[in-house]
Amino acid sequence: MEQKLVEGILQAITMSTDTGVSLPSYEEDQGSKLIRKAKEAPFVPVGIAGFAAIVAYGLYKLKSRGNTKMSIHLIHMRVAAQGFVVGAMTVGMGYSMYREFWAKPKP
């Protein structure tokens, strides 16, 4: 019994010091990591793109805002951008829950 315990400990030590083992997460570059993360949570890039689009639209419409004060215009654009991001996060969480709990194949 003691012999098996010692062999198990020695095997664990030699496995933990094996330098031939590499972790794939440290070997991926930024582009492939971004693609992998976008596949895991597809609504994060959608939220970022929507936020950028609303900000660009707000800046474009800044000169032709009419009688609206600049502070009111900026508040409206901020609320729209935040609303889009929160909406994308909510839909993404719903999609993630659907994949995790309902779309999972039964073993």
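**A walk through the helices**

Author: We can start with His73, which lies in helix 5; helices here are DSSP runs of H or I of at least four residues, strands are runs of E of at least two, and both are numbered from the N terminus. The model is a predicted one, in which local features need pLDDT of at least 70 and side-chain atom pairs count only at pLDDT 80 or more, while totals for chains, interfaces and linings use all residues. Residues are numbered from 1 along each chain as its sequence is written, and side-chain values use heavy atoms, with hydrogens and water left out.

Reader: Is His73 buried or exposed?

Author: The cut-offs are under 20% relative accessible area for buried, over 50% for exposed and partly exposed in between, with a 1.4 Å probe and protein chains only. The relative accessibility of His73 is 9%, so His73 counts as buried.

Reader: Which residues is His73 in contact with, leaving aside its neighbours within four places in sequence?

Author: Contact means that heavy atoms lie within 4.5 Å. With those neighbours left aside, His73 is in contact with Gly58, Lys61, Leu62, Arg65 and Thr68.

Reader: Against which helix do the buried residues of helix 5 pack?

Author: The buried residues of helix 5 are His73, Ala81, Ala88 and Gly92. Of these, Gly92 has a relative accessible area of 16%, and its C-alpha atom is separated by 9.4 Å from that of Gly47, 45 residues apart along the chain. The buried residues of helix 5 pack against helix 4.

Reader: How do the rings of Phe43 and Tyr95 pair?

Author: Rings of Phe, Tyr and Trp (its six-membered ring) pair if their centres lie within 6.5 Å, and planes under 30 degrees apart count as stacked, over 60 as edge-to-face and the rest as tilted; by this rule the count comes to one aromatic pair. The ring centres of Phe43 and Tyr95 are 5.8 Å apart and their planes stand at 70°, so the pair is edge-to-face.

Reader: Which parts does the pair of Phe43 and Tyr95 tie together?

Author: Phe43 is partly exposed at a relative accessible area of 26%, and Tyr95 is partly exposed at 35%. The pair ties together parts that are 52 residues apart in sequence, because Phe43 lies in helix 4 (residues 43-60) and Tyr95 in helix 5 (residues 70-102).

Reader: With which residue does Glu40 form a salt bridge?

Author: A salt bridge is a side-chain nitrogen of Lys or Arg within 4 Å of a carboxyl oxygen of Asp or Glu, and the structure holds one. Both partners lie in helix 3 (residues 30-40), four residues apart, about one turn of the helix. The closest N and O atoms are 3.0 Å apart, and the partner of Glu40 is Arg36.

Reader: What pattern does the chain follow, read along the sequence?

Author: The chain has five helices and zero strands. Read along the sequence, its pattern is α-α-α-α-α.
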